Structures are given as structure tokens and as C-alpha cells.
Amino acid sequence: MTKEKGANIHRRDFLKSGAALASVTLASGVTLMAMGQGVAAGANPNVRWGLLIDANKCPSDCSACISACSNEHGWEDNGLPTDPQWIRKITLKDKNTGHENTLPLMCQHCEKPPCVDVCPTGASFKRADGIVLVDRHICIGCRYCMMACPFKARSFVHEKVKGQKTSSPRGKGTVEGCNMCVHKLDKGEGTTACVTACSATGNNAMIFGDLNDPSSDISLALTNYPSVELRDDLRLNLGVRYLNI
Amino acid sequence: MERIKYSELRSTPKLWSLLAILVGFVGAAALTVLYIEHHGHIVTGMNNQIVWGLPHVFAIFLIVAASGALNVSSIGSVFGKQAYKPTARLSSLLAMALLMGGLAVLVLDLGRVDRLIIAMVKYNFKSIFAWNILLYTGFLVIVAIYLYAQMARGVHSFALKAAGITAFLWRLALTTGTGSIFGWLVARQGYDAAIMAPMFIAMSFSFGLAMFMLVMIGTCTMTNRRYAVELRTRQARLLGLFVAVVLYFTAVQHLSNLYVAEHNGFERFILLEGGIYTWLFWLGQVFFGGIVPLTLLFHPKLDVKKGLVVLAALLVVLGGLVQLYVIIIAGQAYPLEIFPGYDVSSSFSDGVINQYSPSYLELILGLGGVALALAITIIGMKILRILPVNLSDDNVDITQV
């Protein structure tokens, strides 16, 4: 059974998690959260957050979602193989027909995440609302999760980080990846930086929402259109689905 | 036939010089760790595609060899071959030393070495890595007890056998765990194979016995001790058998993959089109690491030519490192197949063979682990009565080999 944190919070646990939330106080009012127990406590077990991406609506020359993610979380890709990439654009060309399309790929937030299974310390974990995260306080940098991820969705921080955002802590020697903008969700914003940026371009290739709510936009779209999940042979039940690939 | 006597190694300039060289390697590795720790893994050859590099090759070689080095002890006390018993103490000591060397490299390559304590207090019991932490520490404790039972006076033979059986079963579990680190990686084309566990056990038999023979021959030569020719030759022939078993598992691994269409791309990469990896596989692993030592170890004049045994064992060790390089690095170099049926490209090396050039820092760290294992072995032999002084052919009951 996959480990979940955050369900059935009692008063004492809530107070403890409040202390954990304020992981590192940098200065008055500025706090670095480590994506640990504190963040886990914010999860609503009745929700499963998910993304639906329509490849037909994703133009090959658009990278708005990537820039938005980079700005939101403070990671930077300068083209080096050691640079992190929380989200990337993939170009697909059908070997038989030659048909091409592009799509963004990030952590697929599996229901049964292999990264969580293999992590020796439990730093890789899944919140009760389905978001897969790395607790930077107990990640030892073994990179086994990177070996296990079927989507190459995680990056290892190879050097000292610059321009760190307080809402999205990063650290040299630890592993990181898409966290579904958990800080925004926990503030009740109900969306992610990449989806907001995609909507702003007018492409509307990404829909974000609660997969457990039958009336949510994402659930209605999934009901009405044939979607696929990547590597469905692995039966991981992904939180990210695709249309038109 | 005399009773076998054991003694500590005597202090000689040669011994201290060797130890000083080994300590030098360990020191260089320690400085390397501090350097990597300070700058981050950016200074190594590893990247976000090849996340496990040369240090893992050395670490896993040493860990696999550690469990195999215990063979000689197991053959003596579990399978009752009396003739192996005089060399059993070294076998146990070497097993512990190799494991310590391997573990040192493994943990010192972590992104956060300073958080090692977390790996000891926080366990995710679904993680094969977490199991291995328990298997490795358990191995050290069990083999230490086993070594004590081998050395102490008045230990009942039943107790010795019980310790031997426990250690033998534990080492099988340990190598199963190490092989399963790769075998259970379902996402990657080069892994995801149950055969990894038994293949790693076969590899451990082979690499461990080769390391044992090199240390045994080297130490006996350096300290002018006898290593009964008949015993040495039988152990060398056993090594030959293990080399053949590794070749067999390698063949089955690749034949099984060739039969399954989804693995054809990976097999084509390793066997035909992988460039350096294809050369390493055929020339390094199969030819120089398998066929050549196999031929040498079944040479009719093996008993009179000690050099052949040394050469064969060296080739087995080097071939083993190459085999692990192919498994670990080539397994990551081959791209993940996230979109079967499509040509894929991206800014994150999707759809292309991933590049990796190991840095000297990684090599120094890996060699530091080997040096640490050898230094522990020598120090162990210096302070404990590990090696026999009169292991001549006359004192070995050849009917019990």
C-alpha cells in the first residue's frame, strides 16, 4: 500500500504539523517550508488533484508553462545536463505516419508512485490529495527515485541554488520535481502556475482540478473525451492525463 | 600432518609501505568527498540523466564481492569441506572489509552525506534500499560473530555450523537485495528483470572468490607463507566454474530480452550499436572478463603456474567492474521509452542516448573504497590470527577438498 501523509489529522497532530510547517524561519514573516509534514497536513483526503493536457492545443513554439514554472519555483535551465527541469516540452513524431505534436511533461503524480516505493527514508511521499512531493528535510540525495521514475520527472540539484523562492524550497544535494504548486493550492488558489500561464496565452491546453469531483471541469472533460495516461502498462493510475496523442 | 597454526602478520617495511599507500588512497578519496560536498555533484561527470555513476560501479562491485568472499568460509563450515577451513578466517575478514569499503563509497556519494543519520533512523520499509541498509549492517554483525566462532577456542562445532549457515543464508538475501535494486526498476528497459537477483548471486561468487584469491596469494607471497598448491588449484578451478555460471546468466539475460519485442531496442544498443558500451560488453565483460579467465582457470598446468591464477583472478575482477559499468551506466544511457511508437525529442535528452564521462573525482572515490577494504583486511591480519603459517600441501587433507 502506498504511504500517504495527512489523512485523519487530530488536534495534537495539527499543532505539531503547524510547528513543522514553520521549518526554517529566515526572518520575521519569511519562512522556508521543506515540503514535509507541515505541507502534508494541508491535504484534503477527499480531493485528488489532477491535470488534463490537450496535445492538439499545445503549439510547438509555446513554452509559457515552462517559463511560468521556472519563475514560480526558482529553477533555471541553462541547457546543461545538470540543470533541473521540473517541466519540459516533448516533441513526438509518429514513426509510421510522421504526424508531429508537442506536449508538456512533468511529474505525473501517480496514485502508486515508484519514487515513493523506492525512497529509503520516506522523503518521497504522496499527500492525501494525490500530490507527490519530496520532503527536503529528509532527502539524503541517493537519487534512487530518479532511477525509478518512468517519466524522468525528477531532477537532482547539482550545485548551490540561487534565487530561491520561499514558497518552493530547493537545496543542493537533494532531489526535486513538480509539486503541483502545492503552496498555491494550500492557499486556496485552486490552480497551478503552468495552467494559469497556458490559459493566459489563450491556448487553454491544460485543465486543472479535482478528479474526485464529478462536476469539476477536468472530470467532465475526462468523461466526454478519450484520454490516455502515459505508460499505462505500469498501472500507476496517474494524476496527469493527455488528450490527442 | 601438522595441526594448522595461525599468526598475526609481522611488522615489515613492506607491510607498512603497502598500508601507507592504501591510506594515501583513502585520504585522497576523503578529500574528494569534501570537494564534491562543497561544490555539489556538478564537479562530477554525473548529471540528471546518468544519476548513478562510477562510484556506484565500485560500491556495488565491492558489496557484491563482499558476500562472495564469504564463500570459502561457507564451503568449510556449511558444506563440511575441511580443507577450506584454514582459509576461512581470511574469507570472513575480507567479506566484512569489502562490505565496509563498498558502503563507504555508496554513502559518500550521497547528495547529502551529512544526513546519513537520517538513513539510519527513518525507514520506508517498502524500499529495497532500506532493506539493504538492514541487510548490510546485519551482515557485518553476523560475519563478525562467525569470525569469532572460527577463531575462539572451545566453540562447539554445532555453534560454528549454526553461525555459518546463518551467514550463508544472510549473504544470499543480501545479494538478492542488491540485484533487486536494479531488477525491480520496472520503468527502465535495461532493468526490470527478475534474473538480476540470481545473476548478482552468481557474480558475487565469482568476484568475491577472485578478490579472495588475489588477497590470499598476495599476502602469502609478501609474507613468505605457504598456500597449499592443491588447495589453491581447487579454489581456482571453483572460480572457473563461477565464471562460467556468470557467463550463463549473462547469456540467459540477453536471450530472454531478445525474445521480447519491447526489449529489442535495448538489446540492439548493448549488443550491437552502443559504441563504448558494446565494446565494453563484448571485449571487457565477455572476452577478457569471462572467456579468457575461464580458459586460464582450466589450464592443465594451473597447479605449477601461480601467475595464471593471479592473471585470471585479476581479469575476473576487472571484468566484474566492466560488467557493473555496463549494467549501471548503459542501463541509464539508454533512453526511457515513455512514448512507444514515437520518435521523441526534448530539452531534457528524451529519445537520445545519454552521455556520461566519469570524472577523476569519481575514480578516486571508487579506488578509495577498494583501498579502504584492503587496508581493513591488512590491519585485521596484523592484529588478529587470521592467516595460517603452515598451510603446506602436507597439511591439507586433499580428500576433503
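1. Is A:R235 buried or exposed? With a relative accessible area of 62%, A:R235 is exposed. Please keep in mind that this is a predicted model. A:R235 sits in the loop between β12 (227–228) and β13 (240–243) of chain A, and its phi is positive, about 55 degrees, although it is not a glycine.

2. A:M180 counts as buried because its relative accessibility is 3%, under the 20% cut-off.

3. Now for chain A as a whole. Its secondary structure comes to eight helices and 13 strands. Of its 245 residues, 58% are buried. Among contacts in chain A with a separation of 6 or more, 61% are between residues 24 or more positions apart. The chain exposes about 10,300 Å², and carbon and sulfur atoms supply 50% of that area.

4. The interface deserves a careful look. Here 53 residues of chain B are in contact with 52 residues of chain A. The size of an interface is often given as the accessible area lost when the parts come together. For chain B and chain A, the buried area is about 4,600 Å², with 57% of it on carbon and sulfur atoms. B:N48, B:Y342 and B:F348 supply 14% of the area that chain B buries against chain A, more than any other three residues.

5. The largest pocket has a volume of about 920 Å³. Its lining has 30 residues, and B:R3, B:I4, B:Y6, B:R89 and B:Q150 lie nearest its centre. The elements giving two or more residues to this lining are α3 (71–77), α4 (88–108), α6 (128–151) and α7 (157–183) of chain B. By class, the lining of the largest pocket has twelve nonpolar, nine polar and nine charged residues.

6. The second largest pocket holds about 600 Å³ of space. Of its 23 lining residues, B:M211, B:L214, B:V215, B:V370 and B:L374 are the closest to its centre. At least two lining residues come from each of α1 (13–39), α2 (54–69), α8 (196–223), α12 (306–333) and α13 (360–383) of chain B. What is the make-up of this lining by class? The lining of the second largest pocket divides into 21 nonpolar residues, two polar and no charged.

How values were computed: Residues numbered from 1 in each chain as written. Chains lettered and ligands numbered in written order. Predicted model: local features only at pLDDT ≥ 70, side-chain atom pairs only at ≥ 80, totals over all residues. Heavy atoms only, no water. 1 Å grid on protein atoms, 1.4 Å probe; cavity = no way out; pocket = protein on both sides within 12 Å on 5 of 7 lines; lining within 4 Å. Points joined across faces, edges and corners; volume = space filled by probe spheres on them. Helix = DSSP H or I, 4+ residues; strand = E, 2+ residues; numbered from the N terminus. Nonpolar A, V, L, I, M, F, W, Y, C, P; charged D, E, K, R; others polar. Buried < 20%, exposed > 50% of the residue type's maximum accessible area, 1.4 Å probe, protein only. Contact = heavy atoms within 4.5 Å. Areas by Shrake-Rupley, 256 points an atom, 1.4 Å probe, with all protein chains shown as cover. Buried area = accessible area lost by both parts, 1.4 Å probe.
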